[in-house]
Amino acid sequence: MRTQRQIVDYSLQRRAVLRDVRNGRIGTLEVCDASPYLRNAATFHGEPTEERCPICRRENLTLVHYVYGDELKQSAGQARKLAELPDLAVTLREFQVFVVEVCRSCSWNHLIERFVLGRDGLVTDETLPTEVMVSSGGGGSRRNGPSQSGEVRR
Ligand SMILES: [Zn+2]
């Protein structure tokens, strides 16, 4: 998505947890503790993946996208379908997305990524074309200088 920014990746933490599970330092019950809400969210709003669950290997993981932000008002903290995010990203100025992977078979779950979406991320993209238009429009009377600067910008 175009406005995606401030991406935080949790794959190192995930790997550390999985290593501890394999070493027996953490019990599977401790990491396979997805709440009924999270499991429901995975069923109704989840994004299927091709990746097998690292714990039980019985089912593919499902990604759940949670959205947070003042502008979301009462829907803050809710799970959204991935397909709904681009619409939100052009409607709202800024909101956080937390991506959680869930196994619907054994209830393994882990935060894998978080990032910011929203119109505020488009500001730098939108100012550039405006500047180009202003400089070429103002160059109508004096052709040489401004038309060259217009080419440089492109
Ligand atoms: Zn599993």
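How many bridges join β5 to strand β6? Eight bridges do so, and the two strands run antiparallel. This is a predicted model, so let us walk through it with that in mind, starting from the overall layout.

**Overall layout**

The protein contains six helices and six strands. Their order along the sequence is β-α-α-α-β-β-β-α-β-β-α-α. Of the 154 residues in the protein, 19% are buried.

**Strand pairing around β5**

| Strand pair | Residues | Direction | Bridges |
|---|---|---|---|
| β3 and β5 | 60–68 and 95–102 | antiparallel | seven |
| β5 and β6 | β6: 109–117 | antiparallel | eight |

V99 in β5 is the bridge partner of H65, while F98 stands opposite R114 in β6. β5 and β6 form a hairpin, with six residues between the two strands. Within that turn, S107 has a positive phi of about 75°.

In soluble globular proteins, nonpolar side chains tend to be buried together. Here the largest nonpolar core has 14 residues, and L38, V64, V102 and C103 have the most contacts inside it. Helix α3 (36–45), β3 and β5 each supply at least two residues of this core. The greatest contribution comes from α3, with three residues.

Leaving aside neighbours within four places in sequence, V64 is in contact with L38, A41, A42, H45, G46, A79, V100 and V102. Apart from this core lies another one, of six residues, including V67, L88, V97 and L117.

Which residues of α3 are buried? They are L38, A41 and A42. Viewed down the axis of α3, the buried residues fall within an arc of 100°, so they line one face of the helix. An α-helix has 3.6 residues a turn, so residues three or four places apart point the same way. The buried residues of α3 pack against β3, β4 (78–80), β5 and β6. On the face turned away from this buried side, α3 carries the exposed residues P36, Y37, T43 and F44.

Just after α1, G24 takes a positive phi of about 85°.

R14 lies in this helix, which covers residues 11–23. Is R14 exposed or partly exposed? R14 counts as partly exposed because it has 17 C-beta neighbours inside 10 Å. Not counting residues up to four places away in sequence, R14 touches H110 and I112. R14 and N109 are 95 residues apart in sequence, yet their C-alpha atoms are 9.6 Å apart in space.

Terms used:
Residues numbered from 1 in each chain as written. Predicted model: local features only at pLDDT ≥ 70, side-chain atom pairs only at ≥ 80, totals over all residues. Pairing = 2+ DSSP bridges. Helix = DSSP H or I, 4+ residues; strand = E, 2+ residues; numbered from the N terminus. Buried ≥ 20, exposed ≤ 12 C-beta atoms within 10 Å, placed from the backbone. Contact = placed C-beta atoms within 7 Å. Core = buried A, V, L, I, M, F, W, Y, C linked by C-beta atoms within 7 Å. Arc of directions from axis to C-beta.
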